[in-house]
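Thanks for coming. I will take the ligand site and then one of the sheets. Please have the model open.

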Amino acid sequence: MPERALPFRLALNAEASRTAPWSAEQDAILSDKGLAAARAVIGGWPGYRPTPLASLSGLSAAFGVRSIAYKDEASRFGLGSFKALGGAYAVARILAAADDPAAVTVTCATDGNHGRSVAWGAAMFGCRCVIFIHAAVSEGRKAAIAAFGADVRRTPGNYDDSVRVAAATAKANGWHVVSDTSYPGYMTVPKDVMQGYEVMASEAFDALPAPPTHIFLQAGVGGMAAAVAALAKRRWGPARPAIVLSEPEAAACWVASFEQGAPTPVTGDLDTIMAGLACGEVSLLAWSILKDHGDAAMALPDAAAARMMRRLAAPARGDPPLVAGESAVAGLAALEAAMTAPDAKAALGLGPASRILVFGTEGDTDPALYREIVGRDAAAVRAQAGG
Ligand SMILES: Cc1ncc(COP(=O)(O)O)c(C=O)c1O
């Protein structure tokens with residue numbers, strides 16, 4: 001039975017084009033050389049192995065596209081999200097340049113997954129770690145960060161407020177901020193974070209049987225989307241796939257920015273179940289890349305994400321059951337929404353020949369919330385595999 005279509009907003013980026021060159025400025029942010037270095041370092045960490053790329057033939061038939069490849073980050077380094085590649089890599093880079101790792105303190109603001117990665121890196125490489133979380137971060141997420149020995153501090157306000165508290169506290173104490181977002185005067189570390197994310201993109205591109213025609217990418221500050229778009233542009237040039245971002249309606253700063261043609265913040269409590277995407281300001285580094293190589297952004301209601309989580313947990317015939325968290329499915333939900341709306345479908349060039357790539361960027365990183373939304377826990381969902 002077809003499910004009810006959900007409302008969404010679509011903003012096309014008038015400045016983007018497939019023929020836009022990969023500029024020297026962009027190559028100074030993300031590059032083949034930087035990716036090779038990240039692959040060498042991250043590939044040497046204990047437990048490294050590429051995450052699986054699932055082919056969802058049942059879902060692609062249901063949506064009316066040729067194929068859907070789903071890069072499943074739920075198992076990444078046992079941390080449950082792709083973020084394990086970014087923050088921890090930036091910590092490694094800071095400590096490689098330090099005389100005495102034990103004298104270093106790293107810090108960041110987080111809505112969960114990034115802080116977990118930074119705390120894990122600090123524990124792995126032996127430095128101190130202080131993590132700032134905002135009012136809406138769940139106790140479960142807090143505990144997962146504290147489990148790596150980090151000092152976790154709660155701050156009033158939303159994510160963007162916690163970024164400012166982390167920056168000010170670090171300045172007063174001589175700590176290293178390991179942020180996943182960039183702002184004027186703070187670019188080096190988030191560049192390393194994004195370079196770490198490119199490892200995920202390269203694993204996926206290497207495993208695909210044919211280049212994708214479209215990549216749908218959920219965006220918070222846009223670091224992940226920019227990293228994937230950057231590698232797509234460098235690898236395929238003018239034949240790169242269409243790049244479509246997807247965000248929660250309550251935190252649609254990429255839709256606003258593409259509409260205005262410039263970085264444009266959105267304000268408010270940014271309240272959404274998609275905790276990792278609850279960002280009101282784009283990363284300036286991500287903007288430098290996506291302003292040319294990001295074609296569109298879509299804003300979706302929370303219900304679209306919840307529905308897609310349940311759909312992946314109880315899949316169409318032939319597809320594997322997938323454990324995908326609240327922030328993992330916005331890309332796929334955007335594809336679903338676009339396929340039900342003729343105007344959007346045409347504007348994005350979607351049809352029966354489309355080969356889609358999405359990144360399932362987290363598993364059940366908040367197990368209690370996952371159970372509440374899906375009705376079962378991750379173990380029960382996975383137990384269906386092969387059954
Ligand atoms: C699971 C998940 N997916 C996607 C994102 C978005 O990444 P970015 O903020 O780099 O856009 C996040 C950010 O925290 C996340 O946790």
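A polar contact, as I use the term, is a pair of N or O atoms within 3.5 Å; within protein, one must be able to donate a hydrogen and the other to accept it, and residues adjacent in sequence count only if both atoms are side-chain atoms. This is a predicted model, where local features need pLDDT of at least 70, side-chain atom pairs count only at pLDDT 80 or more, and totals for chains, interfaces and linings use all residues. Residues are numbered from 1 along each chain as its sequence is written, and side-chain values use heavy atoms, with hydrogens and water left out.

A polar backbone atom of glycine 222 lies 2.7 Å from a ligand oxygen atom. For glycine 220, the corresponding separation from an oxygen atom of the ligand is 2.8 Å.  The protein buries 99% of the 390 Å² that the ligand exposes when taken alone; these are accessible areas from the Shrake-Rupley method with a 1.4 Å probe, and for residues only the protein chains shown count as cover.

Next, the sheet. Strands (E, at least two residues) and helices (H or I, at least four) are DSSP runs, numbered from the N terminus, and two strands pair if DSSP finds at least two bridges between them. Four strands form an open sheet in the order E6-E5-E4-E7, with parallel pairing. Strands E6 (151-154) and E7 (176-177) are at the edges with a single partner strand each, so one side of each has no neighbour in the sheet. E7 is joined to E4 (residues 105-110) by two bridges, and valine 106 stands opposite histidine 176 in E7.
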